[in-house]
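Please read this briefing with the sequence and the 3D view open. It goes through one protein chain topic by topic.

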Amino acid sequence: MAIQDIKTYSYRDIFTLKTVAFEKACVVNQPEQINTYNIYWIKEGKGTYNIDFKEYKFNGSVLFFLTPGQVFSVENEKIKTAYQLSFVRDFYCIQTYDKDVACNGVLFNNVYETPFVEPSEKDQEKLDMVVEGLIEEFVNNNVAAQYDMLQAYLKQFIIHAVRIKKERGKVITNQETKLFKDFSLLVEQNFKTLHSVTDYAKRLGLSPKSLAKHFQKLGTDTPSDFIKNRIILEAKRHLVYSNENVKQIAFYLGFNDPAYFSRFFTKATGVSPLQYKKDFKI
C-alpha cells in the first residue's frame with residue numbers, strides 16, 4: 001500500500017493495526033515476503049494484488065488473509081478506506097482455539113485456496129465494531145490487561161472473518177474435501193523432503209490410485225501436480241525474494257541434483273530458474 005495517509009497502532013511490535021484513509025491510485029512494484037500473519041480489510045476500494053505470483057482483482061469490500069512466507073505485491077490500488085491487522089505467531093497462535101479460528105484453520109496456511117472473501121454490509125458493521133474497539137484499546141496505553149484485551153478483539157475479528165468465509169466462501173466439509181485438506185496439510189509439512197505421491201498416500205492410508213480418484217471427484221489438480229506446484233511455488237519465492245543461488249534452493253527443496261531441479265523447474269514454468277529470477281527483477 002502507499003506510504004502516505006496510513007496511521008499505525010502498535011503493541012510491542014507483535015500486533016499492529018494500520019488504518020488507511022485516502023483515495024489515490026498507487027503502484028508497488030517490488031514484491032514483499034510476508035513475515036507476519038496479515039489480514040487486509042479493504043472496506044472501500046479497488047485494485048489488483050499479486051499473492052504468490054497469482055493476480056487477484058477486487059472492487060468494493062474484501063478481506064484478504066496472508067500467512068508468513070507468502071509473497072505479496074500491489075500492481076495497482078485506489079483505496080478510500082482499509083485496515084491491516086498484522087500479528088506474530090507468539091501473539092495469537094500459541095493459544096488453543098477452535099480449529100476453524102486457529103492459525104492452521106480456515107483463514108491462514110491455505111496457499112491452495114483463494115485468499116479472500118467479500119463481506120456483506122451486515123458483516124462490515126460487525127467488523128467495524130471490532131476495529132473501533134481495537135483502536136480504543138490501542139490508544140489506552142496504561143490500562144490493565146491490555147495484551148489480553150487486544151488478543152480478545154483480534155480473536156473476535158478472526159471469528160467474524162471465519163463465519164463470513166464459511167457463509168460466502170467455499171469452505172466445504174464432505175469426505176473428499178476433508179481428504180484434500182489432510183493431504184494439503186501433509187504436503188505443506190513435508191514438501192521439502194517428500195516428493196512422491198506414494199509417500200503421502202501411505203500416510204493417509206490409501207493407495208496412490210485411490211487418492212487420485214478422490215482428487216478427480218473434486219475436479220482439482222492430480223496429487224502429483226499438487227506436490228509439484230507447491231515445490232514450484234516455494235522455488236519462486238526463494239528465487240525472487242532471497243539471495244540464494246539455484247544450487248542452494250535445489251538442496252533446500254530436497255533435490256540432490258541441482259541440474260535435475262533446474263530441468264524440473266523449467267518444465268513446469270517454461271523458463272529456467274535463473275531466467276525466472278532475472279525476468280521477475282525487471
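This is a predicted model: local features need pLDDT of at least 70, side-chain atom pairs count only at pLDDT 80 or more; totals for chains, interfaces and linings use all residues.

Residues are numbered from 1 along each chain as its sequence is written, and side-chain values use heavy atoms, with hydrogens and water left out. The chain holds 10 helices and 9 strands; these are DSSP runs numbered from the N terminus, helices being H or I with at least four residues and strands E with at least two.

**The chain as a whole**

- The mean pLDDT of the chain is 84, and 84% of the residues score at least 70; pLDDT is the predictor's confidence in each residue, from 0 to 100.
- Of the 282 residues, 46% count as buried. Buried means under 20% relative accessible area, exposed means over 50%, and partly exposed lies in between (1.4 Å probe, protein chains only).
- Of the contacts in the chain with a separation of 6 or more, 70% are between residues 24 or more positions apart. A contact means heavy atoms within 4.5 Å.

**Strand 5 and its partners**

- Strand 5 (residues 37-51) is mostly covered, with 12 of its 15 residues buried.
- Strand 5 pairs with strand 8 (residues 71-87) in the antiparallel sense over 14 bridges; two strands pair if DSSP finds at least two bridges between them. Ile-42 has Ala-82 in strand 8 as its bridge partner.
- Strand 7 also pairs with strand 5 in the antiparallel sense, over 5 bridges. Here Leu-63 in strand 7 is the bridge partner of Trp-41.
- Strand 6 (residues 54-59) runs antiparallel to strand 5 and is joined to it by 6 bridges. Thr-48 stands opposite Lys-57 in strand 6.
- Strands 5 and 6 form a hairpin with 2 residues between them, and Asp-52 in the turn has a positive phi of about 50°.

**Aromatic rings**

- The whole structure contains 28 aromatic pairs. Rings of Phe, Tyr and Trp (its six-membered ring) pair if their centres lie within 6.5 Å; planes under 30 degrees apart count as stacked, over 60 as edge-to-face and the rest as tilted.
- Tyr-49 counts as buried because its relative accessibility is 0%. Phe-64 is also buried, with a relative accessible area of 1%.
- Tyr-49 and Phe-64 belong to one aromatic cluster, together with Tyr-40, Tyr-56, Phe-58, Phe-72 and Phe-116.

**A loop residue**

- Thr-36 lies in the loop between strand 4 (32-33) and strand 5. Thr-36 is buried, with a relative accessible area of 18%.
- Leaving aside residues up to four places away in sequence, Thr-36 touches Leu-66, Thr-67, Pro-68, Ser-86, Phe-87 and Val-88.

- Helix 2 has 19 residues and reaches 27 Å from its first C-alpha to its last, close to the 27 Å expected at 1.5 Å a residue. The expected span is 1.5 Å times one less than the number of residues.
- The buried residues of helix 2 include Leu-127, Val-130, Val-131, Leu-134 and Phe-138.
- Glu-121 is in helix 2 (residues 121-139) and counts as exposed, because its relative accessibility is 65%. Glu-121 and Ser-61 are 60 residues apart in sequence but 8.9 Å apart in space, C-alpha to C-alpha.
- Helix 7 (residues 223-241) is 19 residues long and reaches 27 Å. Helix 7 is mostly covered, with 14 of its 19 residues buried.
- In helix 9, the buried residues are Phe-261, Phe-264 and Phe-265. Seen down the helix axis, they fall within an arc of 95°, so they line one face of helix 9; the arc is that of the directions from the helix axis to the C-beta atoms.
- An α-helix has 3.6 residues a turn, so residues three or four places apart point the same way.
- The face of helix 9 turned away from its buried side carries the exposed residues Arg-263 and Lys-267.
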